[in-house]
Amino acid sequence: QDAGVDEYSPSTVDDRSLLGAKGRYANYSAVMTDCRKVKGRVHATCVDKVLYTLHLTTPRAQWNDYKDMVYDKLRDTLTIVK
């Protein structure tokens, strides 16, 4: 069973493109019920009337590594295949 959330704190919200379209992202920090400290980002955009979301949750202490090497790379290389 997944851990629940004991504490949650939203932070940065900003515009940023995703899949070549105007998007919006929100960052957050949380403490899970099993005491893990995490950070995350939810990014959303709409392309041709389809809503796309990208959600990354990482250990808080490793946020910069995951954001720079996983999230940024994935965001920059995602494409829609029809």
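## Four strands, one helix: a working chat

Biologist: How many helices and strands are in the protein chain?

Modeller: The protein chain holds one helix and four strands, where helices (H or I, at least four residues) and strands (E, at least two) are DSSP runs numbered from the N terminus. This is a predicted model, in which local features need pLDDT of at least 70 and side-chain atom pairs count only at pLDDT 80 or more, while totals for chains, interfaces and linings use all residues. Residues are numbered from 1 along each chain as its sequence is written, and side-chain values use heavy atoms, with hydrogens and water left out.

Biologist: In what order do the elements run from the N terminus on?

Modeller: The order is β-β-β-β-α, and the C-alpha trace spans about 40 × 25 × 25 Å along its principal axes.

Biologist: OK, strands. How many bridges join β2 to β3?

Modeller: Nine bridges join β2 (residues 23-32) to β3 (residues 37-47), and the two strands run antiparallel; two strands are taken to pair if DSSP finds at least two bridges between them. Arg24, for instance, has Ala44 in β3 as its bridge partner. The two strands form a hairpin with four residues between them, and Cys35 in that turn has a positive phi of about 80 degrees.

Biologist: And which strand does β3 pair with over ten bridges?

Modeller: That is β4 (residues 50-59), again in the antiparallel sense, with Tyr52 in β4 as the bridge partner of Thr45. The hairpin of β3 and β4 has two residues between the strands.

Biologist: What is phi for Asp48 and for Lys49?

Modeller: Asp48 has a positive phi of about 50 degrees although it is not a glycine, and Lys49, also a residue other than glycine, has a positive phi near 65 degrees. For context, most residues other than glycine have a negative phi. Asp48 sits in the loop between β3 and β4, and Lys49 lies in that loop as well.

Biologist: Are those two buried or exposed?

Modeller: Asp48 counts as exposed because its relative accessibility is 59%, and Lys49 counts as exposed because its value is 83%. The cut-offs are under 20% relative accessible area for buried, over 50% for exposed and partly exposed in between, with a 1.4 Å probe and protein chains only.

Biologist: What does Trp63 touch beyond its sequence neighbours?

Modeller: Leaving aside neighbours within four places in sequence, Trp63 is in contact, meaning heavy atoms within 4.5 Å, with Asn27, Lys39, Gly40, Arg41, Leu56 and Thr58.

Biologist: Is Val38 buried or exposed?

Modeller: Val38 is found in strand β3, and it counts as buried because its relative accessible area is 5%. Outside the four places on either side in sequence, the contacts of Val38 include Tyr28, Ala30, Thr57 and Pro59.

Biologist: What about Pro59, then: where is it?

Modeller: Pro59 lies in strand β4, and it counts as partly exposed because its relative accessibility is 35%. With neighbours within four places left out, Pro59 is in contact with Lys37, Val38 and Tyr66. The C-alpha atoms of Pro59 and Asn27, 32 residues apart along the chain, are separated by 13 Å.

Biologist: Which residues form a nonpolar patch on the surface?

Modeller: Tyr66, Met69 and Val70 form one, with about 290 Å² of accessible area together, where areas come from the Shrake-Rupley method with a 1.4 Å probe and, for residues, only the protein chains shown count as cover. Patches are made of residues with over 30% relative accessible area and no salt bridge, like charges being joined within 9 Å and nonpolar side chains (Val, Leu, Ile, Met, Phe, Trp, Tyr) within 5 Å; a salt bridge is a side-chain nitrogen of Lys or Arg within 4 Å of a carboxyl oxygen of Asp or Glu. Met69 is placed in helix α1 (residues 63-77) and counts as exposed because its relative accessible area is 59%.

Biologist: And overall, what share of the residues counts as buried?

Modeller: Of the 82 residues, 29% count as buried, and the chain exposes about 5800 Å², with carbon and sulfur atoms supplying 50% of it.
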